[in-house]
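The sequence and structure come first.

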Amino acid sequence: MKRRILASGLAFSALASATSAQAQSACVFPKDLRDGLTYAMPIAYDATVQKCNKRFKVDGFMLTKGVDFANRFRVKQDDAWPGTFRLLRVFLEKGDGPEGKSENRLDGIGAMMATLPESAIRPFVDALMAQMIAEEIKPETCSKIERAARLIEPLPVENIAELLTFIAEQSDLKNPSLCAIPAIDVPKAEGTSE
């Protein structure tokens, strides 16, 4: 269940033109995943509040501090859009949804991506992402979502996106997977031994 929610969020928090290497290997770059998560967070917040509103306590985190939390991501959405677009593009080119199933709802986005300017596609992506996230939220998970948001809220936006990307890396996501980033040789500092 958790993996499906994460995968749904990842699938739509992603979209621009994928490089041919990315498309051929059917993987997403961690930076695009981070952008996708940053982009999706306010949409996920809105979908969660809509779905769980009656389950949240009036004085609980989501209804008292959640808007401010989501707005910290909302102001970064424009910068995160290109990576989000590339991420979605990889899903569309692969032809599979988050768990290897064909997603008919994505087919329309793929057709739009081929014919419309990127800026015209974004509202459709937002609406579809909100719908898909809301469908994944079950009433019994509302309190867990609120707890998770409360726990990560003190972190800077960049750290939250990086933490969620790290969790995705450790989860060994497939369809598509994360692209391997080549190791970088770091020169040894003088006076150190191997």
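In this predicted model, helix H9 buries Cys142, Glu146, Ala149 and Ile152. Viewed along the axis of H9, these buried residues lie within an arc of 140°, so they line one face of the helix. An α-helix has 3.6 residues a turn, so residues three or four places apart point the same way. Lys144, Arg147 and Leu151 are exposed on the other side of H9. The cover over the buried residues of H9 includes helices H3 (30-52), H4 (61-64), H5 (66-74) and H10.

Together with Leu163, Phe166 and Ile167, Leu155 makes a nonpolar surface patch of about 320 Å².

| Residue | State | Relative accessible area |
|---|---|---|
| Thr48 | buried | 5% |
| Gln77 | buried | 9% |
| Leu155 | partly exposed | 30% |

Thr48 belongs to helix H3. Thr48 counts as buried because its relative accessible area of 5% falls under the 20% cut-off. Leaving out residues up to four places away in sequence, Thr48 touches Asn53, Phe56, Met62, Ile137 and Ile145.

Gln77 is part of helix H6, which covers residues 77-94. Which residues does Gln77 contact, leaving aside its neighbours within four places in sequence? They are Tyr39, Pro42, Ile43 and Arg122. Gln77 and Gly36 are separated by 41 residues in sequence, while their C-alpha atoms are 9.0 Å apart in space.

The last topic is confidence. Across the protein chain the mean pLDDT is 79, with 70% of the residues at 70 or more. Confidence is highest in H5, at a mean of 97, and lowest in helix H2 (residues 20-25), at 41. The pLDDT is below 50 over residues 4-24, a stretch that has 72 contacts in the model beyond near neighbours in sequence. Residues 96-102 also stay under 50 in pLDDT. For residues 96-102, the model has 22 contacts beyond four places in sequence. H5, where confidence is highest, is among the helices that cover the buried residues of H9.

Conventions:
Residues numbered from 1 in each chain as written. Predicted model: local features only at pLDDT ≥ 70, side-chain atom pairs only at ≥ 80, totals over all residues. Heavy atoms only, no water. Patch = residues over 30% accessible without salt bridge, like charges linked within 9 Å, V, L, I, M, F, W, Y side chains within 5 Å. Areas by Shrake-Rupley, 256 points an atom, 1.4 Å probe, with all protein chains shown as cover. Salt bridge = Lys/Arg side-chain N within 4 Å of Asp/Glu carboxyl O. Buried < 20%, exposed > 50% of the residue type's maximum accessible area, 1.4 Å probe, protein only. Helix = DSSP H or I, 4+ residues; strand = E, 2+ residues; numbered from the N terminus. Arc of directions from axis to C-beta. Contact = heavy atoms within 4.5 Å. pLDDT = per-residue confidence, 0-100.
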